[in-house]
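This report goes through the strands, the helices and the ligand surroundings of one structure. Please keep the sequence and the 3D view at hand while reading.

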Amino acid sequence: MKLILTNDGSHTLYVPELKEHYHSVFGAMQESRHIFLNAGLYKAIESKRKLNVLEAGFGTGLNALLTCLAAEKEKARVNYTAVELHPLPPAIYHKLNYAALVKEQGSLQMFLKLHSSDWGDEIRISDHFTLKKLKTDIREIDFPDKRFDLIYFDAFAPEVQPELWTADVFKRYALCSNKNCVLVTYSCKGEVKRNLKSAGFVVEKLPGPPGKREILRAVYQTLT
Ligand SMILES: C[S@@+](CC[C@H](N)C(=O)[O-])C[C@H]1O[C@@H](n2cnc3c(N)ncnc32)[C@H](O)[C@@H]1O
């Protein structure tokens, strides 16, 4: 795993075995804000001030940190569940510069708490944000009800891990989605769109961040 500086000054990680970065090299933080915050979180809080959020691929914790800070700013209550099979060791997450870049008081403690909190337990990170990390395969999520209002689907690219982007996987996400649950992801691949549609999501393309023409936002309607 290699630490890389992206064009907006924020870090990402490079995984040599997959030849894949965790984020866009045009700007990790810019990408996260554009796709997951602006197209996802801010869309979802238009209609609901208390959200259950699911992230597929916790990784560096960047999406979680930005969401936690936004929840505090907006005074919107967020219960965040994150799925990850390969948690980063402290020696890596301590090097990431996200907390320094956001320049919000308390963000480093918040970031370290996101990473060091126990797996499987719901932990209060701040006044408006709780986190539950699950060491589970993205393909094997299994929740007993339709609890989620917002899903950040942030797996490695379908070109690299096609098995994580199938219709069967998206059906699992549909099964735990409320009606009108918003799912955001960076891949606009035709197959991803078709697989989301077949799982009951209505899909729209939105302009992407620098370096990426389009992204996807999907809204769950019904699984037929
Ligand atoms: C694109 S990176 C995630 C970026 C992350 N959201 C962030 O902000 O850093 C994809 C993540 O999915 C994880 N992952 C890969 N395969 C997985 C699987 N089958 N189940 C769960 N997590 C997986 C990787 O370890 C990596 O952390």
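Predicted model: local features only at pLDDT ≥ 70, side-chain atom pairs only at ≥ 80, totals over all residues.

Two strands count as paired if DSSP finds at least two bridges between them. Strands (E, at least two residues) and helices (H or I, at least four) are DSSP runs, numbered from the N terminus.

Residues are numbered from 1 along each chain as its sequence is written.

Strand E10 (residues 201–207) and strand E11 (residues 214–220) run antiparallel and are joined by 7 bridges. Pro207 stands opposite Glu214 in E11, and the bridge partner of Leu206 in E11 is Ile215. The hairpin has 6 residues between the strands, and there Gly211 takes a positive phi near 90°.

## The sheet of 3 strands

Another open sheet has 3 strands in the order E1-E2-E3, with antiparallel pairing. Strand E1 (2–5) and strand E3 (20–21) are at the edges and have a single partner strand each, so one side of each has no neighbour in the sheet.

E1 and E2 run antiparallel, joined by 4 bridges. Ile4 has Thr12 in E2 as its bridge partner. In the hairpin of these strands, E1 and E2, there are 5 residues between the strands, and Gly9 takes a positive phi near 90°. Strand E2 (residues 11–15) is also joined to E3, by 2 bridges, and these strands run antiparallel. Here Tyr14 stands opposite His21 in E3.

## Helices

Two packed helices are described by the angle between their axes and the distance between the axes. Axes are lines fitted to C-alpha atoms, for helices over the stretch in contact, and angles run from 0 to 180 degrees between N-to-C directions. Helix H2 (residues 62–74) packs with helix H5 (residues 107–116) at an angle of about 130°, and their axes are 10 Å apart. H2 and H5 are therefore oblique to each other (angles under 35 degrees count as roughly parallel, over 145 as roughly antiparallel, 65 to 115 as roughly perpendicular and the rest as oblique). The contact (C-beta atoms, placed from the backbone, within 7 Å) is made by Ala64, Leu65, Cys68 and Leu69 of H2 with Ser107, Met110, Phe111 and Leu114 of H5. By class, this contact of H2 with H5 has 7 nonpolar, 1 polar and no charged residues. Ala, Val, Leu, Ile, Met, Phe, Trp, Tyr, Cys and Pro count as nonpolar, Asp, Glu, Lys and Arg as charged, and the others, Gly among them, as polar.

## Around the ligand

The ligand is surrounded by 17 residues, and the closest are Gly57, Gly59, Thr60, Leu85 and Asp154. A residue is near a molecule if its C-beta atom, placed from the backbone, lies within 6 Å of it. By class, the shell around the ligand has 8 nonpolar, 6 polar and 3 charged residues.

Terms used: Contact = placed C-beta atoms within 7 Å.
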